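Subject: Structure for your review

Dear colleague,

Please find below the structure that I am handing over to you. My notes on what was found in it follow.

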Amino acid sequence: MTKLAKRQRLILNMFINSKDYIKGDYIAQSNKISVKTTQREIKEINDFLKLYNCKIESKRGQGYKFEYTKLEDVNILKSILEESDCKLTYILEENRVDWIIRKLALLYIDSENEAIKLDELSEELFISLSTLKSDLNVVKEILKEYNLNIERNGNLGIYIVGKENKFRYFLSDYLVHKMNLKKSDTIFGMIDDELSDEIKHIIVETINNYNLNITDLGFDNLFNHIVIAITRIKNNKFIDENKKNIIENNDIEYEASKYLCNNIYNLLNTEFPDSEIMYIYQHLKSQNRLFKDDNYTLEKEDYENLTIIRKTLVKIYEEVGIDFTKDEILEKGLLVHLNSVLNRIKYGMNIRNNLLDEIKKNYVFAYELGDFLANEIGRNLNVEIDENEIGFLALHFGGALERMNIRERKEKLKVIIVCASGMGTSILLRSKLINRFGSKINIMGVYPSYKLDKIELKDIDFILSTIDLENENLPIIKISPILDEQDLKKINHFLKNGNENFGINIKNYFKEELFIESLEKDNYIDVIEYMANKLYELDYIDDVMRNSYIDREKLSSTEIGNLVAIPHAIVGKVKKAGIFVAILKNPIKWFHTEVQLVMMLAIDKDVFLEHENIFLDIYEPVNELYKVEEIIKHRSLEYIKKQY
């Protein structure tokens, strides 16, 4: 068999996009076929997969799972699935939406032909006009988040409309970061590799000459912005804002921006007008100082922010019971980071936190503390701090929580950390590594990758890196920026010894008296109030915690997708630990999505401190929609326990 039918491709995509087993009856139901037909389809798919050294394995009682040996085989397979008769065909709606967005964006970049007819789009996608119009509604919702829209240009078709600066941010944020395009695709082939290297050299030279501190992520964002700007300027598309009055006297970032633009002019004979220089200035201003400089001294404008941070840490101690007031690393880290946050807000520069979902799952308690601080800052300075920024603030608290657990250590190997995500991530990584492996390693520094060739490595034993690196002389261990369990195992294996992270038995938190198989409520407030009151009546929590669940939910929704919400609180007292599970009779609209499975946590903050991964352990069995649907179908506490 050398070709898959449409339904077989759809089934195979389900397996490739899932890391866990999928039940046969779920596959059958999703594709509106019988279980027997499902078995036959999987057999034929397996015949096809032999060509790519992959297989769909079956396991009694668990279902089917996609297995492979080499990732490169999977990548080849994915490219084959996307190709049909030398044309791209996207089967799943989310893939079609991304394809349409990229298509319209590329047309927008080419100012000579910005529009495309609907029938042309539908033909390229092999879908009907009605399906295309439905997809375009989703596209419009995504573009709306960037203050962009789709309009019709007479008989020429549809095209993207919006301000130039909004469109450029959309290009960099959604198409590069959210869609995770490869580096070769990052700027859509606007420039060749040689020119790309020359522009990067100019950026590095500027950073070094003006002693700027920029993360790898900031470096990539700046590079993408410059390449996009060059292309747009050549097409006479300019940023229409020029805010020279916001430049401070002797502002180093402004001087750096002029130097950078002048060097690009010498390279390409492309002149950057004042508005474009200002836009690069805002980018540098919002990025500089994200890396912690040990020699950093307070400036005049920092004192107001420092006062807010110190008052908030006192308030956290009073309400949560954890004393961060003597942690100078946390205080200084938050101050330096807050400076960049406020600059981004001042200049309207958005930032995407690619680690946000992982932070919410792995560092729930730290995220709560970051949220607490963000609200205090917002109240005092009359600004709104979004969840991307809160995630970065959470990393500082994560590092502080790790430092609380550090013990005395002995001899150590010398290691450096290469971190692409900035100061918050590096502080958290450093603290967690010292906490876990302090008896074995001595961290000599944390660096962005572009500074690596300036570092003396002769006494270094190995490198821990959050990005792909190559070095002929030193072993490199690639780790996640949030250092998950798999990373700990890799480091343990390398060191031949280390501390294991022992988990706790989640099953013990499930109690018959804390389970409702069919709760009939029609809004999230009623659900939370009912469950919190029940926990209070059964003497699991005190009155303070009972009232804090709603307050916490209003700050930031605890829905996690897949029909699940996990309400929790950080203030108040837990008298008995438990997880209250309620399966709603019907799904209800929470904040952003529908929810039918609610798991309210009554777990003491000390447990979160000692076992930060507990939330991830709770989340794992409900991280796929089909798993949740099975729980809802069974409506049984025993079934839920079996999943843990």
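A residue is called buried when its relative accessible area is under 20%, exposed when that area is over 50%, and partly exposed in between, with a 1.4 Å probe and protein chains only. This is a predicted model, in which local features need pLDDT of at least 70 and side-chain atom pairs count only at pLDDT 80 or more, while totals for chains, interfaces and linings use all residues. Residues are numbered from 1 along each chain as its sequence is written, and side-chain values use heavy atoms, with hydrogens and water left out. Helices (H or I, at least four residues) and strands (E, at least two) are DSSP runs, numbered from the N terminus.

Let me begin with the nonpolar cores. A nonpolar core is a set of buried Ala, Val, Leu, Ile, Met, Phe, Trp, Tyr and Cys residues joined through side-chain atoms within 4.5 Å. The largest one has 39 residues, and F324, I359 and F397 have the most contacts inside it. Two or more residues each come from α13, α14, α15 (356-362), α16 (364-381) and α17. Contact means heavy atoms within 4.5 Å; beyond its neighbours within four places in sequence, I359 touches N353, V364, Y367, G391, A394, L395 and I482. A second, separate core of 29 residues includes L104, Y108, I116 and L136. In soluble globular proteins, nonpolar side chains tend to be buried together.

Next come the aromatic rings. Rings of Phe, Tyr and Trp (its six-membered ring) pair if their centres lie within 6.5 Å; planes under 30 degrees apart count as stacked, over 60 as edge-to-face and the rest as tilted. The structure holds 13 such pairs. Why is the pair of F324 and F397 edge-to-face? Their ring centres are 5.5 Å apart and their planes stand at 70°, so the pair falls in that class. F324 lies in the loop between α13 (302-320) and α14 (328-347), and F397 lies in helix α17 (residues 387-403), so the pair ties together parts that are 73 residues apart in sequence. F324 is buried, with a relative accessible area of 1%, and F397 is buried at 0%.

Y524 and W590 form a tilted pair, with 5.7 Å from centre to centre and 45° between the planes. This pair also links distant parts of the chain, with Y524 in helix α20 (residues 524-537) and W590 in the loop between β14 (578-589) and β15 (594-602), 66 residues apart. Y524 is buried at 14% relative accessible area, and W590 is buried at 5%.

Finally, I turn to the strands. Two strands pair if DSSP finds at least two bridges between them. An open sheet of four strands has the order β8-β7-β9-β10, with parallel pairing. β8 (441-447) and β10 (476-478) stand at the edges with a single partner strand each, so one side of each is left without a neighbour in the sheet. Within this sheet, six bridges join β7 (residues 413-418) to β8, and V418 has Y447 in β8 as its bridge partner. Elsewhere, β5 (residues 149-152) and β6 (residues 158-161) pair in the antiparallel sense over four bridges. R152 has I158 in β6 as its bridge partner. Five residues lie between the strands of this hairpin, where G154 takes a positive phi near 55°.

With kind regards
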